[in-house]
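Subject: The two-chain model, handed over with notes

Dear colleague,

I am passing on the structure we talked about, and you will find it just below. Please look through it with the notes beside you, taking one part at a time.

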Amino acid sequence: MKHFNPDEKGYYGQYGGAFIPEMLQANIIELQEHYLTIIKDESFIVEYQQLLKDYVGRPTPLFYSNNLSKQYNAKIYLKREDLNHTGAHKINNTIGQILLAKRLNKKRIIAETGAGQHGVATATTCALLGLECTVFMGAVDIERQKPNVERMKMLGAEVVPALSGSQTLKDATNEAIREWINNPKDTHYVIGSVVGPHPYPDMVAKFQSIISEEIAKQLMEKENTDKPDYVIACVGGGSNAMGAFYHFIDNGHTKLIAVEAAGKGVDTEETAASITLGQKGIIHGSMTYLMQTADGQIIEPYSISAGLDYPGIGPAHAYLSDIGKVTVEAVTDEEAIQAAFHLTKTDGIIPALESAHALAILEKVKFNPSDIVVVNVSGRGDKDMLTYSKYFTHEK
Amino acid sequence: MKNRITQLFKRKDKEILSIYFTAGYPNLDNTTTILTHLEQAGVDLVEIGIPYSDPLADGPTIQKSGQIALDNGMTLQILFEQLKNIRETVQIPIVLMGYLNPILQYGVNNFLQQCAVLGVDGIIVPDLPMEYYKQHFEEACHTLNISNIMLISNETSQERIRQIDQCTTGFIYMVSSNSITGANKDLNTQTDYYSRIQQNKLNNPTLIGFNIHNNDTYKLSCQYSSGAIIGSAFVKHITANGIAQNSINNFTNQIKNNN
Ligand SMILES: Cc1ncc(COP(=O)(O)O)c(C=O)c1O
């Protein structure tokens, strides 16, 4: 099977759906009714692919790392999503959704952001396509991620601090949803991951599926197979992982590994391992695994990486993990930092802290020498230099 | 056992005043005091909000009251303990309003059982989809005689309104205009929508809620429906003036213009 779809109500097994207040229904029903028709439309596909090629710089390289391959005794490939315009995979989705919003005659775009990568990608796409842009960002994250806040402002976006709850990503998402409820006609909400009510998990997965489509093609050229033995990706909400897994889910061969942020350890209170530790419930309109108290209050997670610092997980990942098609691992702050420094030293690539979680798995799995292993490098590390430099001065 | 909501609407189909407050706010043990004072003040129906960490449909006022209630230690279990003997003193219908996740963790059947045992007459769960209601709530609600009250807004299609009317018992919660709670939208711009619903001849009576905050907006609601639901404005009032009988009388008098 080439495509991985939810049922018509947006369920992957028992996960997904649309658990939203009536005031959001009009917006969501409009999307549910139109998204598939629009993204399958020939003129949409042409425009989307043109922009991915000429503006984003796709296809991104699939780089064979000699050094890592020798060290781990397998064929290690890096999918270079860090080389996309704006520095991460997020823009694959923002271009798709904003083209779609234009076809729905929306005049204004809103988005949430944690580390600021999705916010920057949204602001960038809005600048290009001429739409008004408002980005909600937790007040705490605005303090932590100043450079991305400045980028968004320079790109013409309004950055609105989310002052509710813990003032981080989940609260920025709440604020964006509330803003959308208050503006039911002219506004589209660009969610940054495979989370939220149906159709977002499927729509975002389809826009990110370009990653695995390219991997399959590139491996065909390099290895004469379109079935890698392993694909490894980090999961916050799960969009880069969904994109990297998409075309391999049902090929009966590829082992898919999703890597969560363990923070200071899955046996500590400071962690963001939503599948490993979470319970079934509802977050941002979707039935999935989330970190919550016994009373059903959502817990604020912790990870050194702001992009993985989310208490839920996309419903497709909850399902794939339940049925055993995806293996879930958790990597600590410390292991991720080590992996980031290691790749920088061996290959001259400074990865995003999020992507470093995926790279850390190379230390943990025993490969066969003939194994073809693809690690998705979801973004570059420029935004994380402050964190890295702390460890850097430490080491010296 | 008769459902108090159904009885209320049989007795009175005009100028119903329903008040919302958040359980555990301003203090953990205020629940029964506020209930008693609301009944004394002549309120027809009360909605007790179950505090939640991520209330998607609520504006800053109700969010903050919920956060303080959670910090005070409020849980569904504690709320049920506080309501243990409530029917010995309070006779007006009581509705619990809360988001689905805490109810799922408590267990849907346990939750509805507790409601029935304590004399809670209805539930409002804004993020409960119709299909999920039918699969997991409907049978127990019918057996236990608990009203399920669903929302409509000016953006809800006619077809959906009919479906919602089928899934609802007691009354339909008519959101005054498509917004979160406590937003300052002008109700006068929505009168076409109110008349359209009025002419629909639904099975259920309607109450208008969201952004009702004074005598004008209360009167407007009464003109187009069986009455009004007030939430944020009441929470603001008790934040500033406290929960004593006098304070609550002042609030309802202002709303009804009884001064
Ligand atoms: C570089 C990078 N990778 C991964 C993520 C996590 O998101 P997702 O799990 O949706 O790919 C983010 C989010 O900000 C990111 O910036």
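What follows is a description of each chain, then of the contact between them, and then of some single residues.

Please keep in mind from the start that this is a predicted model, so every value in this email was computed from it.

**The two chains**

Chain A contains 16 helices and 14 strands, while chain B is built with 13 helices and nine strands. The C-alpha trace of chain A spans about 55 × 45 × 40 Å along its principal axes, and for chain B the corresponding spans are about 45 × 45 × 35 Å.

How does the radius of gyration of chain A agree with that of a compact globule? For 396 residues a compact globule would have a radius of gyration near 21 Å, and chain A, with 19 Å, agrees with this. The reasoning for chain B runs along similar lines, because a compact globule of 259 residues would have a value near 18 Å and chain B has 17 Å, which agrees.

As for the surface, chain A exposes about 14,400 Å², of which carbon and sulfur atoms supply 51%, whereas chain B exposes about 10,300 Å², with 44% supplied by carbon and sulfur atoms. Chain A carries 37 positive and 48 negative side chains, and the centres of these two sets lie 4 Å apart. In chain B there are 18 positive and 22 negative charges, and their mean positions are 7 Å apart.

**Where the chains meet**

The size of an interface is often given as the accessible area lost when the parts come together. Here the area buried between chain A and chain B is about 2,800 Å², and carbon and sulfur atoms give 53% of it. On the side of chain A, the residues that lose the most area to chain B are A:Glu22, A:Met23 and A:Arg178, which together make up 25% of what that side buries. The contact takes 33 residues from chain A and 35 residues from chain B.

**Two cis peptide bonds**

In chain A, a cis peptide bond joins A:His198 and A:Pro199, with omega at about 20°, and A:Pro199 is found in the loop between strand S8 (187-190) and helix H9 (200-208). In chain B, a cis peptide bond joins B:Tyr25 and B:Pro26, with omega at about -5°, and B:Pro26 belongs to the loop between strand S1 (16-22) and helix H2 (31-40).

**Two residues with positive phi**

A:Thr86 is not a glycine, and yet its phi is positive, at about 75°. This residue sits in the loop between strand S4 (75-80) and helix H4 (90-103) of chain A. Is A:Thr86 buried or exposed? Its relative accessible area is 7%, and because buried means under 20%, A:Thr86 is buried.

B:Lys201, which is also a residue other than glycine, has a positive phi near 55°, and its place is in the loop between helix H10 (191-199) and strand S8 (206-209) of chain B. B:Lys201 has a relative accessible area of 67%, and since exposed means over 50%, this residue is exposed.

**A buried serine in chain A**

Lastly, A:Ser286 lies in strand S12 (residues 286-290) of chain A, and at 2% relative accessibility it counts as buried. Which residues does A:Ser286 touch, not counting those up to four places away in sequence? They are A:Gly16, A:Phe19, A:Gly196, A:Gly281 and A:Pro315.

With best wishes

Technical notes
Residues are numbered from 1 along each chain as its sequence is written. Chains are lettered from A and ligands numbered from 1 in the order in which they are written. This is a predicted model: local features need pLDDT of at least 70, side-chain atom pairs count only at pLDDT 80 or more; totals for chains, interfaces and linings use all residues. Side-chain values use heavy atoms; hydrogens and water are left out. Helices (H or I, at least four residues) and strands (E, at least two) are DSSP runs, numbered from the N terminus. The radius of gyration is taken over C-alpha atoms; the globule rule is 2.2 Å times the number of residues to the power 0.38. Accessible areas come from the Shrake-Rupley method with a 1.4 Å probe; for residues, only the protein chains shown count as cover. Lys and Arg count as positive and Asp and Glu as negative; His and the chain ends are not counted. The place of a charge is taken as NZ of Lys, CZ of Arg, CG of Asp or CD of Glu. Contact means heavy atoms within 4.5 Å. Buried area is the accessible area (1.4 Å probe) that two parts lose on being put together, summed over both. Buried means under 20% relative accessible area, exposed over 50%, partly exposed in between (1.4 Å probe, protein chains only).
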